[in-house]
Amino acid sequence: MSTPHIEAENGAYAKTVLMPGDPLRAKFIAKTFLTDAVQVNGVRGMLGFTGKYKGVPVSVQGSGMGCPSMGIYSYELFQFYGVENILRIGTTGSIRADLHLGDLVMAAGACTSSNYAAQYHLPGTFAPIASFPLLKTAEAIASAREGLHCVVGNVLSADVFYDDVSPVDDWKKMGVLAIEMESNALYCNAARLGKNALGMFTVSDELLTGVHATPEQRQTSFTAMMEVALDTAAAL
Ligand code: HPA
């Protein structure tokens with residue numbers, strides 16, 4: 001079996017898949033943390049791998065950037081490959097003053113400037129939320145980690161990265177913690193298909209102060225988050 005974007009065989013993915021935006025990060029995770037990792041997808045360079053973490057089968061698949069790309073890959077994994085749980089792992093720009101570089105944000109909800117949910121023709125506004133069992137498990141694992149500041153709340157899945165018009169102030173006033181670009185589509189797909197999803201992010205940019213992580217800081221904090229996500233996957 002294959003889809004337009006995934007060439008993997010039936011059963012090639014584990015029931016839990018970690019999804020970083022960057023396919024090379026998927027490769028890094030597979031090589032660094034998984035045993036017996038095999039590449040299961042290479043279509044468009046959007047690499048996917050399956051291996052084991054602490055003896056539990058886990059996959060890692062690049063999502064690309066933005067709701068449309070995440071929408072495609074997560075739909076295909078849920079619908080055609082029997083995947084049950086997707087953990088998005090990424091970076092984010094914080095818009096709350098107490099959220100600093102390296103902090104971990106878990107998206108209980110995902111607001112958006114994307115039109116992704118328009119496809120469902122709902123008679124109102126859908127509120128995309130994380131799977132509570134995933135969130136509960138992941139938050140407990142993160143909180144037990146010394147030195148890791150983890151905050152749970154709303155994020156904004158924005159459609160525009162280089163946005164010189166819309167003020168983050170309006171989202172900040174609504175208590176939104178941080179901005180990323182994919183979780184809204186992931187949560188919509190999980191809801192529609194009866195599956196589980198959670199997005200977690202390390203703060204790589206402080207949008208209120210204009211402070212950005214160095215490549216080294218990005219790597220270190222990203223590694224802590226990968227371990228939280230992998231331990232979550234192993235606990236499911
Ligand atoms: N905006 C959107 N996505 C991001 C950002 C940002 O500032 N930083 C990291 N991912």
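A residue is called buried here if its relative accessible area is under 20%, exposed if that value is over 50%, and partly exposed in between, using a 1.4 Å probe and protein chains only. The model is a predicted one, so local features need pLDDT of at least 70 and side-chain atom pairs count only at pLDDT 80 or more, while totals for chains, interfaces and linings use all residues. Residues are numbered from 1 along each chain as its sequence is written, and side-chain values use heavy atoms, with hydrogens and water left out.

Helix α5 spans residues 183-193 and is mostly covered, with eight of its eleven residues buried. (Helices are DSSP runs of H or I with at least four residues, strands are runs of E with at least two, and both are numbered from the N terminus.) The buried set runs through Ser183, Asn184, Ala185, Leu186, Tyr187, Cys188, Asn189 and Ala190. What do these residues pack against? Their partners are the helix α2 (67-80) and the strands β5 (85-94), β6 (104-112), β7 (150-157), β8 (178-180) and β9 (196-206). Just after α5 comes Gly194, with a positive phi of about 70°.

Two packed helices are described by the angle between their axes and the distance between the axes. For α2 and α5, the axes come within 8 Å and cross at roughly 30°; axes are lines fitted to C-alpha atoms, for helices over the stretch in contact, with angles from 0 to 180 degrees between N-to-C directions. On the α2 side, Cys67, Met70, Gly71, Ser74, Tyr75, Phe78 and Gln79 meet Asn184, Ala185, Leu186, Asn189, Ala190 and Leu193 of α5, where contact means heavy atoms within 4.5 Å.

Before β1 (16-20) sits Thr3, which counts as buried because its relative accessibility is 12%. Leaving aside neighbours within four places in sequence, Thr3 touches Glu76, Phe80 and Tyr81.

A nonpolar core is a set of buried Ala, Val, Leu, Ile, Met, Phe, Trp, Tyr and Cys residues joined through side-chain atoms within 4.5 Å. The largest one has 60 residues, and Tyr13, Leu18, Ile89, Leu104, Met106, Leu198 and Met200 have the most contacts inside it. Helix α6 (residues 215-235) gives the most to this core, with seven residues. There is also a second, separate core of six residues, including Cys111, Ala158, Val176 and Ile179.
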